[in-house]
Amino acid sequence: QAAQLSARALGLPEVEARGLHAEGYLRYGELLWAEAKDFHVPRESFARARDLLAQAGDASGVAQETFFLGLTEEQEGKLERAEPLYAEALRRAEESGDRATQAYALRHLGGASEARGDLDGALALHRRCLALREEIGFVRLVPFALIAVGDLERKKGALADARASYTRALGLAEELNSAPARVWSRFGLGAVEEAEGRLA
């Protein structure tokens, strides 16, 4: 908040936007585990940051804030409002060459497609996300992209492909010492075993 005040006084909209984003992200994180799912406070911060970045001509920044606006809607269970924001974020990120935001948007667009029952579309989006994360070196997020791909492959009945995705995710999880990735890749492998009738 102090950074925002100083930036406003100095006429530095991009710095003010960074302060707004940081505060919005903090509030967003606090709400994730709260019972009340009202994200209007971080949403206002992200929206104001997006406006300032648009005025400053920061296309990549606008894409990022648009993505975060989508997150606030999704966390409130309003996927029908979140999906167009993710699509807009993807378009703006592609136009500005912001591959990181593209990867994030693709991940959540894949989730929205899966929620609609479009498994083919969801799998294609998750595979694009995986390729981008590998390309730009998002090492800690690659296992989760592989798990998302494996989940869709398993649901589509491509069990051998799913096993390969989960196994690769587990290998990376071990290398990174990532407990969450280790848990979910093992869960996926267990689900493949179950689907193949090997209950033990």
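# Reading a predicted all-helix model

Analyst: The largest pocket holds about 870 Å³ of space. The model it belongs to is predicted.

User: What makes up the lining of the largest pocket, and which residues lie nearest its centre?

Analyst: The lining has 32 residues. L71, Y104, R107, H108 and R133 lie nearest the centre. Two or more lining residues come from each of helix 2 (13-32), helix 4 (59-75), helix 6 (99-115), helix 7 (119-136), helix 8 (142-155) and helix 10 (179-195). Helix 6 gives the largest share, 8 residues.

User: How many residues of that lining are nonpolar, polar and charged?

Analyst: The lining divides into 16 nonpolar, 8 polar and 8 charged residues.

User: How do you know what secondary structure the chain has?

Analyst: The count comes to 10 helices and 0 strands. From the N terminus on, the order is α-α-α-α-α-α-α-α-α-α. The C-alpha atoms fill a box of roughly 65 × 35 × 35 Å along the principal axes. Of the 200 residues in the chain, 42% are buried.

User: What makes A34 buried, exposed or partly exposed?

Analyst: A34 has a relative accessible area of 29%. Buried is under 20% and exposed is over 50%, with partly exposed in between. So A34 is partly exposed. A34 is in the loop between helix 2 and helix 3 (40-55).

User: What makes the contact of R27 with E23 a salt bridge?

Analyst: The closest N and O atoms of R27 and E23 are 3.7 Å apart. A salt bridge needs the nitrogen within 4 Å of the carboxyl oxygen. So the R27 and E23 pair meets the cut-off. The two residues are 4 residues apart in helix 2, so about one helical turn separates them.

User: Are R27 and E23 buried or partly exposed, and why?

Analyst: R27 has 29% relative accessibility, so it counts as partly exposed. E23 has 18%. That is under the 20% cut-off, so E23 counts as buried.

User: What makes R43 and E73 a salt bridge, and which helices hold the pair?

Analyst: Their closest N and O atoms are 3.4 Å apart. R43 lies in helix 3 and E73 in helix 4, so the pair ties together parts that are 30 residues apart in sequence. R43 is buried, and so is E73. Both belong to a network of salt bridges that links R43, E73, E76, K78 and R81.

User: How do you know that E134 and R168 form a salt bridge?

Analyst: The N to O distance is 2.2 Å. The cut-off is within 4 Å, so the E134 and R168 pair qualifies. The pair links distant parts of the chain: E134 is in helix 7 and R168 in helix 9 (residues 159-176), 34 residues apart. E134 has 36% relative accessibility, so it counts as partly exposed. R168 has a relative accessible area of 39%, so it is partly exposed.

User: How many salt bridges does a search of the whole structure find?

Analyst: The search finds 24 salt bridges.

User: What makes the phi of N177 worth a look?

Analyst: Phi of N177 is near 55 degrees, a positive value in a residue other than glycine. Most residues other than glycine have a negative phi. N177 is found in the loop between helix 9 and helix 10.

Notes
Residues numbered from 1 in each chain as written. Predicted model: local features only at pLDDT ≥ 70, side-chain atom pairs only at ≥ 80, totals over all residues. Heavy atoms only, no water. 1 Å grid on protein atoms, 1.4 Å probe; cavity = no way out; pocket = protein on both sides within 12 Å on 5 of 7 lines; lining within 4 Å. Points joined across faces, edges and corners; volume = space filled by probe spheres on them. Nonpolar A, V, L, I, M, F, W, Y, C, P; charged D, E, K, R; others polar. Buried < 20%, exposed > 50% of the residue type's maximum accessible area, 1.4 Å probe, protein only. Salt bridge = Lys/Arg side-chain N within 4 Å of Asp/Glu carboxyl O.
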